[in-house]
Amino acid sequence: MSSNSILLQHFPALETGVMESPLQGVRFFKSTQPIPRRPLVYDPGICVVIQGHKTGYLGGEAFRYDADNYLVTSVTMPFECETFGSPETPLLGLYIDIDLGQLNALISGMGLPAEIGKAAERGLPRGIGPAALDAEMADAIARLIKALGSETEARLLGPGLVREVLFRALGGTQAPVLHALAMYSGTFSKVAQVLRIMQSHYAEKLDVEQLAERVHMSPSAFHRAFKEITSDTPIQYLKKVRLTKARELMLHERIKAYMAADRVGYESPSQFSREFKRYFGQSPAEMTREAHAA
């Protein structure tokens, strides 16, 4: 039996949407309809599509992830995504969070050559990109999905299988970016550190020069590296994070648009509404009405 057949055989039955697995940090997802291109944010993780496919768009480039190519997101990345699925052939997959401490421990234990990280530093790769799903990775994913079908196996075997998946990713084509992320002194790692600050303190007035100084970089070098990794300027990135957080507040906590705007750091509700519609393609009021009608 092929690895893909095993993946489908043991994939859990679930409703459309996202479902937490018995193991923290691993989520399943399913879509029975095509979803048009729209903005979203991925946190650091490995996205494996079992059936169907997705197309990501970032910085004028497109990348596909499907049953043959998994996606590695090394830093929190806003990008646009189009989903392809149908009632007959739904999109199925799982998302595995990347734990930085575990990543560091694996790299240290594997004794990976420093050239891997240095190569990434020279080119400063994007913080998100696909990698071929080879036989070893497919086998590890298959065993993980099977283990997640049992709470006991998920608890006892799951953490080791997640560790193996990350180990396999460190042998794939996205290994350089993962290695660069784990380097405490490298440029990629410095930008990643700032991204974590922006994710935690997005509602505050963040000064780009101060952020650059915090990681011991000149403003010009920081700005250039930030754009290479995320395809956005720091201000553009912060805006996308704020708008995404505000959307989550309105949908999940059902608070008014002006309150969400204030919570994420906007001083002008009208400016928030304009930028929200420009980014998501609909006003906050239109999004709220659509969500409540669903």
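**Salt bridges and a buried arginine**

Modeller: A network of salt bridges (side-chain nitrogen of Lys or Arg within 4 Å of a carboxyl oxygen of Asp or Glu) links Asp 139, Arg 143, Glu 164 and Arg 168. The model is predicted, with local features needing pLDDT of at least 70, side-chain atom pairs counting only at pLDDT 80 or more, and totals for chains, interfaces and linings using all residues. Residues are numbered from 1 along each chain as its sequence is written, and side-chain values use heavy atoms, leaving out hydrogens and water.

Biologist: How many salt bridges are there by this rule?

Modeller: The pair Arg 143 and Glu 164 forms one of them, at 2.7 Å from N to O. This pair links helix H4 (residues 135-147) to helix H6 (residues 158-169), 21 residues apart, where helices (H or I, at least four residues) and strands (E, at least two) are DSSP runs, numbered from the N terminus. The count comes to 11.

Biologist: Is Glu 164 buried or exposed?

Modeller: Buried means under 20% relative accessible area, exposed over 50% and partly exposed in between (1.4 Å probe, protein chains only). With a relative accessible area of 17%, Glu 164 is therefore buried.

Biologist: How many residues apart in sequence are the parts that Arg 126 and Glu 61 tie together?

Modeller: The side chains of Arg 126 and Glu 61 meet in a salt bridge of 3.9 Å, N to O. Arg 126 lies in the loop between helix H3 (114-123) and strand E10 (128-132), whereas Glu 61 lies in strand E6 (residues 61-66), so the separation in sequence is 65 residues.

Biologist: What is the nearest side chain of opposite charge to Arg 242?

Modeller: Arg 242 lies in helix H11 (residues 234-253) and is buried yet has no salt bridge. A polar atom of its side chain lies 2.6 Å from the backbone oxygen of Tyr 202. With Lys and Arg counted as positive, Asp and Glu as negative, and His and the chain ends not counted, the nearest side chain of opposite charge is 7.4 Å away and belongs to Glu 275.

Biologist: How many of the eight residues of helix H7 are buried?

Modeller: The buried residues of H7 include Ala 175, Val 177 and His 179. Helix H7 (residues 175-182) is largely enclosed by the rest of the structure, because the number buried is seven.

Note on methods
A polar contact is a pair of N or O atoms within 3.5 Å; within protein, one must be able to donate a hydrogen and the other to accept it, and residues adjacent in sequence count only if both atoms are side-chain atoms.
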